[in-house]
Amino acid sequence: MLWRRIACCVAASWILVGSTAHAQSPSRLEAIVERGTLRVGMTGDYAPFTAFDSATSTFRGFDVDMADGLARTLGVRVEYVRTTWPKLTQDFTADRFDIAMGGISITPERQSKGLFSTPIMQEGKTPVARCKDVNKYETLTDIDRPGTRVIVNPGGTNEQFARAHIKNAEITIYPDNVGIFNEIADGRADLMITDASETRYQQKLHPGVLCAVHPDQPFDHAQKAYWLQRDAALKAFVDNWIAKANKDGRFAKIYAAWFE
């Protein structure tokens with residue numbers, strides 16, 4: 001039986017999950033195993049979660065390692081589907097991939113269209129600015145003044161946050177989420193408000209030039225998770241896999257490799 005193929009790839013404690021899901025046929029989880037591929041949607045422009053190397057046409061990053069681990073547990077290979085933040089929801093609803101990974105934040109709009117896994121990270125939005133200007137941008141009131149140049153990538157929660165909270169400062173939409181931080185470093189923009197994890201990573205990449213502004217005390221609270229097509233069996237499998245990865249140390253090992 002198909003579920004015996006799945007069970008041989010996972011711990012015995014997961015067999016009950018598989019048996020229950022089989023009764024809810026048709027199951028996307030079954031289709032993934034039958035197909036032999038897990039289709040993973042990624043933007044490839046949000047390091048260290050995901051980065052796309054155009055020279056080799058490959059992805060690398062924290063969530064790439066996580067996706068590879070999930071696929072191995074399922075006994076299938078990964079098929080990466082490149083998307084963009086403005087097209088992420090459109091591609092998801094068009095069923096171009098089974099799961100979206102790569103620093104995906106939980107939002108009500110996304111929840112209305114699919115399921116989210118157990119959260120893998122808790123954080124929020126905070127500024128990243130040139131180190132000499134850190135004290136100038138500690139609050140939203142400090143930032144939201146005429147003359148302040150806020151830069152943001154289009155189509156995701158960063159733009160949504162900026163549109164909701166910035167009314168007086170200048171907002172510039174910059175399409176390249178990889179090169180956007182050079183705009184700040186080179187003085188063409190003053191700051192970007194993004195996820196605390198990204199501000200820490202950019203501070204690491206630009207030592208002494210870019211600094212995260214109070215990343216331990218972000219302006220809001222958000223959770224990152226994996227966005228799944230609506231299938232109870234798939235969600236149960238992914239949630240169990242995350243729990244097991246946390247328990248046996250695999251998650252911590254991958255996290256340390258990319259964030260510490």
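Modeller: Start with the second largest pocket, at about 180 Å³. This is a predicted model, where local features need pLDDT of at least 70, side-chain atom pairs count only at pLDDT 80 or more, and totals for chains, interfaces and linings use all residues. Residues are numbered from 1 along each chain as its sequence is written, and side-chain values use heavy atoms, without hydrogens and water.

Biologist: What makes a space a pocket, and what a cavity?

Modeller: In a cavity, a 1.4 Å probe fits but cannot get out. A pocket is an open set with protein on both sides within 12 Å along at least five of seven lines. Lining residues have an atom within 4 Å of a point. Volume is the space filled by probe spheres set on the points, which are joined across faces, edges and corners.

Biologist: Which element gives the most to the lining of the second largest pocket?

Modeller: Helix 10, with five residues. Helices (H or I, at least four residues) and strands (E, at least two) are DSSP runs, numbered from the N terminus. Strand 8 (121–123) and helix 12 also supply at least two residues each. Among the lining residues are Met 121, Arg 200, Tyr 255 and Phe 259.

Biologist: How does that lining divide by class?

Modeller: Six nonpolar, two polar and four charged. Ala, Val, Leu, Ile, Met, Phe, Trp, Tyr, Cys and Pro count as nonpolar, Asp, Glu, Lys and Arg as charged, and the others, Gly among them, as polar.

Biologist: Helix 12 has come up. Why is helix 4 called roughly antiparallel to helix 12?

Modeller: The axes of helix 4 (residues 62–74) and helix 12 (residues 250–259) cross at roughly 155 degrees and come within 9 Å. Axes are lines fitted to C-alpha atoms, for helices over the stretch in contact, and angles run from 0 to 180 degrees between N-to-C directions. Angles over 145 count as roughly antiparallel, under 35 as roughly parallel, 65 to 115 as roughly perpendicular and the rest as oblique. So helix 4 is roughly antiparallel to helix 12.

Biologist: Which residues make the contact?

Modeller: Contact means heavy atoms within 4.5 Å. Helix 4 brings Phe 62, Asp 65, Met 66 and Thr 73. Helix 12 brings residues including Tyr 255 and Phe 259. Those two also line the second largest pocket.

Biologist: What is the volume of the largest pocket?

Modeller: About 270 Å³. Helix 10 gives the largest share of its lining, four residues.

Methods. On a 1 Å grid over the protein atoms alone, a cavity is a set of points where a 1.4 Å probe fits but cannot get out, and a pocket is an open set with protein on both sides within 12 Å along at least five of seven lines; lining residues have an atom within 4 Å of a point.
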